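Subject: Structure for your review

Dear colleague,

Please find below the structure that I am handing over to you. My notes on the nonpolar cores and the salt bridges follow it.

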Amino acid sequence: MEQHLTAIEEFTNCACVVAGWSVDPSALRISNGTDTVKLEPKAMAVLEYLAARPGQVVSRQELEEAVWTGTVVGYDAISNAIIKLRKAFGDDAQHPRIIETIPKAGYRLIAPVESSPSQDAHIERRDEFQSVAEDKSVGGGDETGWAESVPRGRLASAILLPLLLLGLVAVLWLKPWSSDIEAAVPERMAYALPDKPSIAVLPFVNNSDDAEQEYFVDGITEDLITDLSKLPELFVVGRNSVFTYKGKAVKIGRVAEDLGVRYVLTGRVRRNSDEVRINTELIDAISGNYVWNERYDGVLDDVFEMQDGITGSIVDALALKLTNQDRASTTDTETRVPRAYEAFLRGWERYRLGTPDDLVKAIPFFEKALSLDPDYTRASSALASTYWNIVSNGWRRHLDLRTTEIINIVIQNLANAMERPTPLTYQLASERAAVLFRKAAVALAEAERAIALDANDPAGHLAMAAALIKDGRPGEAIESIRTAMRLDPLYPAIYLAVLGQAQFASGQYEKAAETFELAAERNPHNDWTAVYLAATYGQLGREAQATRALRRASELRAQSGWGELTLSMLNPGKSSRYYSKWFGDYKTLRAGLLKAGVKTGLEWKRLVTFRDLDFSVNGATAIDIKTAKSLHDRGVLFIDVHYFWHEQRIPNAKFLDVWAYEFNEVTLPKIAGKTQELVIYTSHSHDGRKLPEAVSLAVSWGYEDVYYFNNGLEIWKQAGYPVETDQKKY
């Protein structure tokens, strides 16, 4: 009764006023003076629920259970409702006035909520209803209960006989000796069941006494997903989606409904030193019954055979028809060296976390795996991908290496991995071809190879989507992304970012805006989502929204040590980290950003006068070797802006690479105050116009005493002064 009253209180036309807007649930609209906005039913229900709890944090799960009661919805349903409410109220997610997003917690209505006359009437009706209901619950309106009108002996018989009959029927009908799993309902499936057996492998539980064995247990789970994914007769949900259930108490039927699968595999792993025990259960979620359960006991050396046994049992239980090649793919172990496998899993645990620090920590584990088994090509692929993620995200300063050295490591390990390639090998090769060499045909071919090895791996379809965008086929790219999303139903924000790119590249700016908004809602800390939003809003002519998105992008970029985005950074002919974030037509991206107010990046030229091979910068002072030596002896800061700084440099010089846009208004103040003297030079004579660019930028940022030393290192060396040649970098 109490729950029923709560539901009535919250969802029976709770008219109210939110931030001056009159909310009319019965008419599905909000109004403010002459402005009226229609809302979809679910968006209105979300607003009602939040309005009933002003100032309180409401979790996504709470909203889902209250608004979508009895139905299964995708992750984006709530995000879509929140976005539509913000649009209706003219609210801004980054600077909210109405609805605030609380990261990892939920949402909070921060606007003032007032009752309206219709709301007051509703409360009176609710109180009247509650009063009547309470009277009836205590026998109000009845002089005696029904039991008091029946003789006691007859009453006992009347009660016991039906209970005995009901008990017998319950035993026969409910079959307590069978599974007590709540079966999935096909009609509630978030996705239609595939036309072939479908399975989700939930993260195995660590039953070991050692909590640090999580990496090992997760590795077992992921390897089973990988092995099963290689079978063309089986539909397998991707790792990302199933691992969202890690550490949670789940209902098998609900998992199947959320992911759109029939079968669910669960398991437990116990490791004690080298002894390993794996318990597994395969469940038919539609019937709620166990298909089989097995226990595997062995030592670390047996772990590969144990995994093969689990895969084989699933194949037999589901009566999958496999070719000899299919069977070989499930038993083709990358290594037979258990310690190498263990080292790989430790590195893979770090790799999966994806932060700059974790990627760096993953490297020695992969290197150890390769030292134990030089033919372990999966470790080579992982090592190449680790270095690639570091350099392509602009995180090279987390390593004691320069960009060219990192790229060489990627090339070497990728070549080693090609001896026995994995899907990751081809996925990396595809991205590298699209980004580093801008060769669409090569990127497409590598993505096709990745999918051929594992058609169930969503990452392969994402690689294909990126290659298709690069090849000028965004419509086909959208289909590839949709395939990836079906394989990974609880997909991360990167899927939405790629989908938004494809929609943008095909001119579907309205759809692209909605997609990028969802991506920003899912991951509000990604600066490039904000950049895409700014470009999309620019193309749509939404100047105010474009300005806000650009401001958010600048805030996020500054937090990462990057300066203001300019159009010159998006030139695909330049060797910088920026073009690697975009695979489509640069012209439309640049045009959208230009409309959003992004500067060209060439404003620095206004301060420069070029004369043949020389130049001068208004507001800065050119110096010769004598002045340079005097300033150096006085301890004036020298800044080298060329990447050859790694090889040789003027002693104690700092390094800010102007080629990679590390020389910017965010990083320079960290090493030099604006009233401080500083000398800017290059370590190579073939610096083009990078030195005058750096000098004029420093002047434009308000630095008062800027000197520049053209061809500085060469002249310094010719004068016989010492240089630093050690291997210390950064």
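Glu476 is partly exposed, because its relative accessibility of 41% lies between the 20% and 50% limits. Please note that the model is a predicted one. The side chain of Glu476 forms a salt bridge with that of Arg473, at 2.9 Å from N to O. Arg473 is likewise partly exposed, at 30% relative accessible area.

A further salt bridge joins Asp527 and Arg557, whose closest N and O atoms are 4.0 Å apart. This pair links distant parts of the chain, 30 residues apart: Asp527 belongs to helix α22 (residues 527–540) and Arg557 to helix α23 (residues 543–559). Asp527 is buried at 14% relative accessibility, and Arg557 is buried at 1%.

In the salt bridge between Arg339 and Asp274, the closest N and O atoms are 3.0 Å apart. Arg339 lies in helix α12 (residues 338–353) and Asp274 in the loop between β12 and β13, so the pair ties together parts 65 residues apart in sequence. Both residues belong to a network of salt bridges that links Arg271, Asp274, Arg339 and Glu342. The count of salt bridges comes to 36.

Turning to the nonpolar cores, the largest has 81 residues; among those touching the most other members are Ile199, Phe204, Leu265 and Phe344. Helix α14 (residues 377–392) contributes the most to this core, with eight residues. A second, separate core of 29 residues includes Val58, Val67, Ile78 and Phe89. The contacts of Leu265 include Ile199, Phe204, Trp292 and Ile314.

With kind regards

Technical notes: Residues numbered from 1 in each chain as written. Predicted model: local features only at pLDDT ≥ 70, side-chain atom pairs only at ≥ 80, totals over all residues. Heavy atoms only, no water. Core = buried A, V, L, I, M, F, W, Y, C linked by side-chain atoms within 4.5 Å. Buried < 20%, exposed > 50% of the residue type's maximum accessible area, 1.4 Å probe, protein only. Helix = DSSP H or I, 4+ residues; strand = E, 2+ residues; numbered from the N terminus. Contact = heavy atoms within 4.5 Å. Lists of a residue's contacts leave out its neighbours within four places in sequence.
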